[in-house]
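Work through the exercises below with the sequence and the structure at hand. Each task is followed by a solution in steps.

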Amino acid sequence: MESGYDVSRRRFFQLAGGIAGAGILFSACKKTSGPTDVYIGSGDTALLNYMYILQQVEAAFYTQAVVTNYYGISQSELQLLTDVRDQEIAHREFFKALLGSDAVMPIDIAFSSVTFADRTSVLTNAAQLEDLVVTGLIGAAPLLTNTDYTREFNKMVTVEARHSAYFKDVYAYNTFSTGVGSNAMDHSNSPSAVLAIAQQNYILTKFDSRKLPN
Amino acid sequence: MNFRNILAEIEKTDPEVYERLSGRRDVLRSFGSKVAAAALPIAVGSMFKKAYGKTTSAVGDALNFALKLEYLEFNYYHVANNTGGLIPGSDQPGFQTIEAHELSHINFLTNALTTMGVTPYTPKNYNAASNIPAYIPSGAYDFTKGGTYHVFEDYKTFLIVAQTFEDTGVRAYQGQMPAFFGSANSTVLQQALEISCVEARHAAHIRYVRRLSGAAAEYPAPWITNNIPPIVALQANYLGEDNVGQEGITITSLPGASGTIPQASATAAFDEPLDAPTVLALVTPFFIL
């Protein structure tokens, strides 16, 4: 890696530090206006929108992580980070296409607790986000009425688990399964609980999720 | 999911649900105290099957099939972890974790099946009285596949077969999931997903180990890219992984970071199921029949 590149990167992060500290706002996304919360639908539509929301968060996280990639990133790490970004965009766009006119509008996302210039911050937050989505997909899969959707959730959840394992391993080798339960099983959580965590940590948009199955 | 809510929901569309359960309300009430908490939901699922005139065979068969694969994996790692000089010191903690996980899965599935009233699968030469009953010292497995793979002599070969077992295991679990569809088995589905995610973590880890150890020819990612196998001879385990169509949506036609989603990421973003006959055909050469 040539030193000139490093210096320019350091300068960039000095400049970007203020923005990162305040949280990166996706200003291109339309802001929620007025007191009305965004209605996410009921039944399967609500569950698909719920997952569409989580995939928007993941895609936004990795989009930012690739653009302002952390200091000291290796070629291998950048390649895989970019691959994960594209997989999460694939998930996001899949849900958007599946939902059609029922899809919620693009949401406002902020990663105020993430320092994208810092390797530890990105890797640990990535693993945390992946684990959240794993628990969310497992919790939601049995609630879907249309089992074709269940099958898609199943296909995606093991990929999210692969992502989590990878980021944990990169951060600390052999820790790919840190946090799994006592029977060597991943955790599950209800849609409302997962959405609340996502809402608290990453999302500025408010939702009307009263008809979200649980 | 709240059990009483399930009953209430079913009662809406089937007012005779309680009669179908034929006087089992008392059973329901006392259920929790009689069976292990972890296995309770599976037992409940089996009761619904009975109530609706179905047998537990579909669920039991699927869980027993998973159990058979867990035994195969456990024995593979147990032998490897006890073969001096095979696994480098820095990699040993990971493989000890994986071995312990497979044993946990064996115990969980065995308990669940027993609670359902289904006889749990045990491998050939299984001996319940041995020190580690799950470990079958001889006669059950041929991990070299008739001398093709020197898995306990060559670490790279060990990793190749380990990756293939784990990736195939993930696909096998996914292939069994439809047996758990429907509200009666929602907890079984949840638990099967929880297990399959840990198998996916194993696969990701082993792939990462291979990436670090310089498997340069394919330079594996922690996920399955297209249908690329670790070696050509194991291509069959990866057929269908290059699927880009999900629910009638072509993932490679969707907008990506720039242009459309790259094929590599579109295929990696979804693990693809394999049905039981396909998986059996793939793993049978590793069994001594």
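Chain A holds six helices and two strands, where helices (H or I, at least four residues) and strands (E, at least two) are DSSP runs numbered from the N terminus. This is a predicted model, in which local features need pLDDT of at least 70, side-chain atom pairs count only at pLDDT 80 or more, and totals for chains, interfaces and linings use all residues. Residues are numbered from 1 along each chain as its sequence is written, while chains are lettered from A and ligands numbered from 1 in the order in which they are written.

**Exercise 1.** Determine the order of the elements in chain A.

Solution. Along the sequence, the pattern of chain A is α-β-α-α-α-α-α-β.

**Exercise 2.** Check the span of helix α3 of chain A against its number of residues.

Solution. Step 1: the expected span is 1.5 Å times one less than the number of residues. Step 2: helix α3 of chain A covers residues 75–99, which is 25 residues, so it should span 36 Å. Step 3: its end C-alpha atoms lie 36 Å apart, in agreement. Step 4: just after α3(A) comes Gly100(A), with a positive phi of about 55°.

**Exercise 3.** Is Thr68(A) exposed, partly exposed or buried?

Solution. Step 1: a residue is buried if 20 or more other C-beta atoms (placed from the backbone) lie within 10 Å of its own, exposed if 12 or fewer, and partly exposed in between. Step 2: Thr68(A) has 19 other C-beta atoms within 10 Å, so Thr68(A) is partly exposed. Step 3: Thr68(A) sits in the loop between α2 (43–67) and α3 of chain A. Step 4: Phe116(A) is 48 residues from Thr68(A) in sequence, with a C-alpha to C-alpha distance of 6.4 Å. Step 5: for chain A as a whole, 49% of the 214 residues are buried.

**Exercise 4.** Describe the side of chain B that touches chain A.

Solution. Step 1: a contact requires C-beta atoms, placed from the backbone, within 7 Å. Step 2: on this basis, 49 residues of chain B are in contact with 41 residues of chain A. Step 3: two or more residues on the chain B side come from each of α6, α7 (155–176), α8 (186–212) and α9 (263–268) of chain B. Step 4: α8(B) provides the largest share, 16 residues. Step 5: the chain B side has 30 nonpolar, 14 polar and five charged residues; Ala, Val, Leu, Ile, Met, Phe, Trp, Tyr, Cys and Pro count as nonpolar, Asp, Glu, Lys and Arg as charged, and the others, Gly among them, as polar.

Methods. Contact = placed C-beta atoms within 7 Å.
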